[in-house]
Amino acid sequence: MKAGSSSAVAFGRVLQAARKHWSKTQADVASSFDLKLSVAAVSMAESGNRPPKTEAMVRGYAAALELDEDALLQLWWAMQGMIGIDIWAEDLPVPIWWRELEASPQAELDHHQAGSVARGAWTPNEDFYEPSLELFALAEAICTILKRLLGDSWKVGYKHEIGLRDPIDGRLAAVIIELRAKVSDGDESNKSLELMATFACPEPVARPVPPEPTATTNTEAMSPDVAWILSSVEAMPARERAAVAGFIHGLREGASLFSEEVSSTPTSQTPVSRGQRTRHRT
C-alpha cells in the first residue's frame with residue numbers, strides 16, 4: 001500500500017473512525033503495540049501518509065482498536081484491490097483482483113442508475129460520465145467487509161458521483177463510501193446515526209505483491225536485543241528486507257577486502273646473526 005494513495009487514505013479513514021467511536025486517543029493506540037509506536041506514526045497512518053506496510057502491523061492495529069484481525073486484514077487487502085470475500089460475506093478460496101470481480105445484481109442496478117444520471121446531465125459542452133461497473137463491485141465488496149468488521153451498530157453504504165471530462169474543470173467519477181455509527185446523548189434509548197467517515201472507493205492500478213513466506217526464527221536461545229532485531233527484520237516488507245541484506249553483504253565484502261589487504265602487506269624480517277646461518281658445501 002503506497003503512502004498517500006487513495007487506498008492508504010481510505011484505510012486510514014476507517015482506522016480513525018473506529019478509534020474515535022471507541023473513544024480512544026492516538027496515544028492509546030500507539031501504546032497498545034508490543035513495539036511501541038509514536039503518536040506521530042498513528043497520526044500518519046490515519047491520514048494515509050504512512051499506512052501499515054505489513055500484515056503484522058495491521059494485526060497490531062486490530063488489537064489496539066479491538067477489531068477482528070481477519071476482517072481488518074481483508075479490508076487492508078481489499079483497499080489494494082484484492083477481494084477475499086463475496087457479497088454474501090463468504091470467504092473466497094483465492095482473492096480476486098477487483099477488475100475481475102463479478103458484479104452483483106445490486107451493483108449492476110446502481111451502475112445503471114448512475115449512467116442514467118450522467119446521460120441526463122450530458123450536453124455537447126459537458127461530457128458527464130458514470131463510475132465503472134467494476135468500481136461499483138469493488139465498493140460493494142468493501143462495504144461487505146466493513147459490515148463484518150464494524151458490527152451491527154454501524155451503518156455502511158455508498159453513493160455515486162458522476163464525473164466530468166474537461167481539460168480545465170474536469171473531475172473523476174467516484175463511488176463514495178460512508179460510515180455511520182450509533183451514538184447516544186446520554187439516553188441509551190435515544191440513539192442516532194452519526195457520520196463517522198466518508199471516503200472515495202479506491203481504484204488500484206497495479207496488483208499488490210503478496211507477502212513472502214518467512215521462516216519463524218527461534219528466538220528463545222538468543223539475547224533479547226538480537227531477537228528483537230531479527231523479529232523486526234522478518235516483519236519488514238520484501239523490499240526493505242532486501243535492502244538490509246544488501247547492507248550486510250556490503251559490510252562483509254568490505255571486511256573481506258580489509259583482511260586481504262592486511263594479510264598481503266609484507267612484514268619486516270629480523271636479521272639473522274652470522275652464527276645462525278647455515279653454510280652448505282657443495
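**Reading a predicted fold, feature by feature**

User: Which helix holds A8?

Analyst: A8 lies in helix α1 (residues 6–21). Helices here are DSSP runs of H or I with at least four residues, strands are runs of E with at least two, and both are numbered from the N terminus. Before going on, note that this is a predicted model: local features need pLDDT of at least 70, side-chain atom pairs count only at pLDDT 80 or more, and totals for chains, interfaces and linings use all residues. Residues are numbered from 1 along each chain as its sequence is written, and side-chain values use heavy atoms, with hydrogens and water left out.

User: Is A8 buried or exposed?

Analyst: Start with the cut-offs. Buried means under 20% relative accessible area, exposed means over 50%, and partly exposed lies in between (1.4 Å probe, protein chains only). A8 has 1% relative accessibility, so A8 counts as buried.

User: What does A8 touch, leaving out residues up to four places away in sequence?

Analyst: A contact means heavy atoms within 4.5 Å. A8 touches M1, K2, A45, G48 and P51 on that basis. The C-alpha atoms of A8 and A45 are 7.9 Å apart, although 37 residues separate the two along the chain.

User: How many helices and strands does the protein have?

Analyst: There are 9 helices and 7 strands. Of the 282 residues, 34% are buried. Among contacts with a separation of 6 or more, 59% join residues 24 or more positions apart. The accessible surface is about 17900 Å², and carbon and sulfur atoms hold 53% of that area. Such areas come from the Shrake-Rupley method with a 1.4 Å probe; for residues, only the protein chains shown count as cover.

User: Which residues touch the most other members of the largest nonpolar core?

Analyst: A nonpolar core is a set of buried Ala, Val, Leu, Ile, Met, Phe, Trp, Tyr and Cys residues joined through side-chain atoms within 4.5 Å. The largest one here has 57 residues, and L72, L75, L146 and L179 touch the most other members. Helix α7 (residues 133–150) gives the most to this core, 12 residues. Take L146 as a case: beyond four places in sequence, its contacts are V14, L75, G151, V156, I177, L179 and F199.

User: How many residues of α7 are buried?

Analyst: In α7, 14 of the 18 residues are buried, so the helix is largely enclosed by the rest of the structure. Now check its length. The expected span of a helix is 1.5 Å times one less than its number of residues. α7 reaches 26 Å from first C-alpha to last, close to the 26 Å expected. G151 follows α7, with a positive phi near 95 degrees.

User: Where do the buried residues of α6 fall, seen down its axis?

Analyst: First, the residues themselves: A107, D110, A114, G115 and A118 are the buried ones in α6. They fall within an arc of 140 degrees, so they line one face of the helix. The arc is that of the directions from the helix axis to the C-beta atoms. This buried set packs against β3 (127–129), α7 and β4 (154–161). The face turned away from the buried side carries the exposed residues P105, R119 and G120.

User: With which side chains does the side chain of E178 make a polar contact?

Analyst: A polar contact is a pair of N or O atoms within 3.5 Å; within protein, one must be able to donate a hydrogen and the other to accept it, and residues adjacent in sequence count only if both atoms are side-chain atoms. E178 is in strand β6 (residues 174–184). Its side chain pairs with that of K159 at 3.3 Å and with that of R180 at 2.8 Å. E178 is buried, at 15% relative accessible area.

User: Where is Q80 placed?

Analyst: Q80 is in the loop between α5 (69–79) and β1 (82–85). Q80 is buried, with a relative accessible area of 9%. A polar atom of its side chain lies 3.2 Å from the backbone nitrogen of M1.

User: What is phi of S23, and what is phi of E66?

Analyst: Phi of S23 is near 55 degrees, a positive value in a residue other than glycine. S23 is in the loop between α1 and α2 (26–31), and is exposed at 65% relative accessible area. Phi of E66 is near 60 degrees, also positive in a residue other than glycine. E66 is in the loop between α4 (55–65) and α5, and is exposed at 58%.
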